[in-house]
Every structure is written in C-alpha cells, then in structure tokens.
Amino acid sequence: MSYTERVLDLLKAKNSNEPEFIQAATEVLESLEPVFAKHPEYEEASILERITEPERQVMFRVPWVDDNGKVQVNRGFRVQFNSAIGPYKGGLRLHPSVNLGIIKFLGFEQIFKNSLTGLPIGGGKGGSDFDPKGKSDREVMAFCQSFMTELCRHIGADTDVPAGDIGTGAREIGYMYGQYKRIKNCYEGVLTGKGLTYGGSLTRTEATGYGLVYFANEMLKDLGTDFTGKTVVVSGSGNVAIYATEKVHQLGGKVVALSDSNGWIYDEEGIDLAAVKEIKEVKRGRIKEYLEYRPNAKYTEGKGIWTVKCDVALPCATQNELHLDDAKTLVANGCVLVAEGANMPTTLDATKYLQENGVYFAPGKASNAGGVATSALEMSQNSQRLSWTFEEVDAKLHDIMVNIYKNASAAADEYGATIGGKKNLVIGANIAGFMKVAEAMMAQGIV
Ligand code: NDP
C-alpha cells in the first residue's frame, strides 16, 4: 500500500461522516502520488497526515431574534486549516446545507488554491446553516451580528481574514464588519469583499468570474483558439456566474444558459446580463423571472442545464452539480472545455470521463482562484491604506490567472501528467499548490 493510500484509509476511518471532505482529499492525495516517490522526506515528516488535519476548528451557537420576536438558533463554523504560508483566508458560506464536512472540504481545497495564487495566504473556511433567502434585512443583520460576536475572538488582519461565499455578499460582509469594529474598536482589514466606501477593493465583485474566464482563455489559447464565437453554458446565477458571463461576452463568446436552484433558462440569442443583474442583484429574485424581460427565452424547472449544446461549460453554482450523465451529454454534444467556477462542482467520475474523452478540464482550485487572489490584493491595499484603480486590480488579476495556468501546466509537464491527449491540470494544480505549502511546513518544523 502506498503512503497516500494509507493516509486516505486513515482519513476515511476518522471522518466517515464527511463525504465531501473525503472526496476532496481523495482527489488531491491520489494526484500527489508521484511527488512522494521524488520526496521521501515528506513521508518521514508525516506531511500528509498533518496537512489533512485542520490546525483548529471552531463550532459555535448563533442565537438571533426573527421579525416575529422568536429566538432562532443556527450553528456557526470556522475551520482554520493551514497557516504555513500566511494567515488563514477563505470565505463564509451561509446555506442550509452547511455542516462541518462541507466546511472542511472547502477549507482543504482553499489551502492549495491560495498557494497557487502565489500570494502569502493560508487556508481556512467558515459559515453557518443560516439561510439568508427570504429573510428581511433586519433578520440578516441580527444573524450577522450574532455570528460575528463569537467569530471575532478567532480572526484578525494577521490571523484569519474571512470573505464572502454562497449566501454571503456585500450586505452580509458589511453587517459583520460593523460588528467586528464595534467589539474590537479596531479599524483593520479583517474581512474582504467590503464595500468601496470602507476599504473594499475595486474588481473584487467581478474577480472570481473574470478570473475564471481569463484562465479558460489561456486553456483555449493552448488549444489554438479563443472565446470568439464560442457558445458557453454557465450554471448558477450568483456572483461567480454573473461575472463569468460578463467576461465571456466581452471576449466575443455567447452565454446561452444560466440557472438557480429552482431551474434554468435558455436564451438562444445570448443572455441579457442587465436583466439577470436586476433580477439577482437588485430584486434578489428567481431566474425564471428572466422570461418577463425576454419572452422568447425558455425556462425549465429542475436540473438539466448540461443538456444545452455548448463549446465551453462553466459550472458556477455549487459542489457536485455536474454528474457522470451530464459529462456524457457534454461530450456527446461536442463540448471541448470545462472550467470550474464553483468549488468541486464536478463529481470525481464525471471529471475522469470528461478528461478521458478529450475535454480540457480545469479544477476550481486553479480556475476560480481569482476571487481569493483579489481578496489578498484587498488585504494589501488595507495594510498600505491605499486604493488601486479598477484597471490596476484587473491587470494584476489577469497576470495572476495567467501565472496559475502556467504553474499548473508546468507541473503537469514536469510529472508527465496527460489524459485524453490534454495536460492533466487536476494533477498539475494539486502538485503546484502542494509543493509550496509542503516546503514551508518542512522549514517550520513539527507544528
Ligand atoms: P452565490 O450565492 O452568489 O450564487 C450561487 C448560485 O448557485 C446561485 O445561483 C444559487 O441558486 C446556485 N446554487 C447554490 N446552491 C445550489 C444548489 N444546492 N443547487 C443548485 N443551485 C445552487 O454564490 P457564489 O457565486 O459566490 O458562489 C458559487 C460557487 O463558487 C460556490 O461553489 C463558491 O464556493 C464558489 N466560489 C465563489 C467565490 C466568490 O468569490 N464568490 C470564490 C471562489 C469560489 P439559488 O439562488 O437558487 O440558491
């Protein structure tokens, strides 16, 4: 049995009730196999056993009062996974599906993603099973203030800097920041994704979606083409999906489908993004309302967005939303490229099928790293008490995404990792992200 197999068995035994964490760890550990043949010192230092165990995990009660005067109780989480290369950094997810296993999978992925950005940030993640959907602004504020009242003991500008994620947008970050400042009496860059009037960075809102498309564009270049004239399907209609769509349109491609958790829309003429922004960013409505703006578009209730014929697919909603059957349909329909905007949206068997059938595939930890990279740029601006222009931040984001692509593909080349006639970027990204963290851990002794 190899070193990675032994550690995976151990992880499965210890964390059997955390399937998403096991899934993420399996993907990473299996792809690191060739590294340990070259670096036996890592096994000697039990690097894998240490990197798969969070440095610290906090779970706490979040009581708040709803609009009817009733006391509600949610569960809060912060997993501080690895600080070898910088303060913990990663988003806060607010969604009813949140549990410790989900937060651990996200925190684990974050270690390698943050390393890939080339910036000094460690890996962490947090959130709550609170559902902001359908709540009044006052209820959301009550929850956020209670959540931060506990979380503030564990975070700080040089310790742990949370950000947004599913369900946590500018409104939630604002309420949390206000409460942090009030309790700590300290104006520091403890959260990213802040509003522009109080330390936020231009381009942060657009960063994950734009970064995803910059990354996919590098992949297309390697295939000798670009976005011009390409038909693109994007799942989700939240922050990542909206700005991925915007950048695809700017680069000459056409996004024809978007979704939310209720269903999906198809607009043959190309998605009218102004309408989607109004529905999702202003009215906080459902994607089916799109038909009020574009009566010729089609709405389908439930799943099925991957049946839409496309050249490029960008899953930008949530984990495990693209299954083996969807992968088969995409291949049959001639899709040439899948780049993940969400975290782990593609199941392991679907990823393998896509890759083996010649689809050029980008794992989220590489292709969606633009958000956290720009968060790190927000931290830099806060520390310097400066603010850069949209163009400056966008140019840095673009360079970072190009570099992530170069590093992941160079690692794939170094280890001879190809699949279906393409570079295996899953292996490349995992190895490139892992090496920097492993070297830092080796240098810092047994901690
Ligand atoms: P948002 O909350 O803005 O949007 C999420 C979108 O996905 C919504 O359209 C939502 O639909 C849909 N969705 C969520 N859960 C489900 C589900 N269980 N089934 C079907 N659809 C679902 O989140 P973001 O756009 O910020 O995040 C999307 C993904 O990208 C997540 O995986 C996140 O971790 C990842 N990510 C985000 C980054 C960021 O900067 N925001 C950075 C890196 C990764 P509905 O409104 O109906 O719930």
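Start with α9 and pick V240, A241, I242, Y243, A244, T245, E246, K247 and V248: these are buried, meaning under 20% relative accessible area with a 1.4 Å probe and protein chains only (over 50% is exposed, in between is partly exposed). Nine of the 12 residues in α9 are buried, so the rest of the structure largely encloses this helix. Helices here are DSSP runs (H or I, at least four residues), numbered from the N terminus.

A quick word on what you're looking at: the model is predicted, with local features needing pLDDT of at least 70 and side-chain atom pairs pLDDT 80 or more, while totals for chains, interfaces and linings use all residues. Residues are numbered from 1 along each chain as its sequence is written, and side-chain values use heavy atoms, leaving out hydrogens and water.

Next, stay on V240 and show the ligand: a backbone N or O atom of V240 lies 3.0 Å from a ligand oxygen. Taken alone, the ligand exposes 890 Å², and the protein buries 83% of that (Shrake-Rupley areas, 1.4 Å probe).

Then select the whole shell, which by class has five nonpolar, 13 polar and seven charged residues. α8 (204–222) and α9 (239–250) are the elements giving two or more residues to it.

Last stop: color domain 2 (54–186) and domain 3 (207–367). Both give residues to the shell, so the ligand lies between them.

Notes. Polar contact = N/O pair within 3.5 Å; in protein donor to acceptor, adjacent residues only side chain to side chain. Nonpolar A, V, L, I, M, F, W, Y, C, P; charged D, E, K, R; others polar. Domains from an automatic or database assignment.
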